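I opened this notebook page to record what I looked up in the structure. The entries follow the order in which I consulted it.

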Amino acid sequence: FLRRSDRLSAVVYSFAVSIKMQPLLYSPAVGLCFVLGGGWSHALSLVSLMIALQMALGMPFLATNPWAYFARAFGGPGDLQHAWSVNWRMLPQA
């Protein structure tokens with residue numbers, strides 16, 4: 001972002017989101033950098049690049065079973081179930 005290579009930054013950020021969803025937490029800062037760096041039209045073109053890249057990366061999964069992909073790609077209610085680790089089992093759950 002600092003070297004004004006916005007297109008490369010958008011591609012790397014999009015790959016990071018495709019690997020793990022955590023980079024979505026700092027998407028407001030990324031968007032602000034894009035808007036301040038080149039204006040709204042520049043930022044929207046980079047966002048469309050990132051969306052196209054996400055669609056291209058998901059295409060093999062979308063072609064086989066799109067319903068299952070969208071149902072499980074973004075997590076579900078069972079993904080964040082709490083489990084006690086070995087170190088904390090001595091404490092009551094109350």
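Entry 1. In which segment is Arg-4 found? I worked from a predicted model, and I located Arg-4 in the segment before helix H1, which spans 6-19. I then looked up its accessibility: Arg-4 counts as exposed because its relative accessibility is 52%, and the cut-off for exposed is over 50%. I also noted that the C-alpha atoms of Arg-4 and Gly-37 are 7.7 Å apart, although 33 residues separate the two along the chain.

Entry 2. I found a polar contact of 2.9 Å between the side chains of Asp-6 and His-42. Leaving aside residues up to four places away in sequence, I listed Phe-34, His-42 and Leu-46 as the residues that Asp-6 touches.

Entry 3. I turned next to the packing of two helices. At what angle do H2 and H3 pack? For helix H2 (residues 27-38) and helix H3 (residues 40-64), I recorded an angle of about 135 degrees and a distance of 7 Å between the axes. H2 is therefore oblique to H3. The crossing of H2 and H3 is right-handed.

Entry 4. Which residues of H2 meet H3? I noted Phe-34, Val-35 and Gly-38 on the H2 side. On the H3 side, I noted Trp-40, His-42, Ala-43, Leu-46 and Met-50. I classed the residues of this contact between H2 and H3 as six nonpolar and two polar, with no charged residue.

Definitions and conventions. Residues numbered from 1 in each chain as written. Predicted model: local features only at pLDDT ≥ 70, side-chain atom pairs only at ≥ 80, totals over all residues. Heavy atoms only, no water. Helix = DSSP H or I, 4+ residues; strand = E, 2+ residues; numbered from the N terminus. Buried < 20%, exposed > 50% of the residue type's maximum accessible area, 1.4 Å probe, protein only. Axes fitted to C-alpha atoms, helices over the stretch in contact; angles between N-to-C directions. Parallel < 35°, antiparallel > 145°, perpendicular 65-115°, else oblique. Left-handed = near helix turned anticlockwise from the far one by under 90°. Contact = heavy atoms within 4.5 Å. Nonpolar A, V, L, I, M, F, W, Y, C, P; charged D, E, K, R; others polar. Polar contact = N/O pair within 3.5 Å; in protein donor to acceptor, adjacent residues only side chain to side chain.
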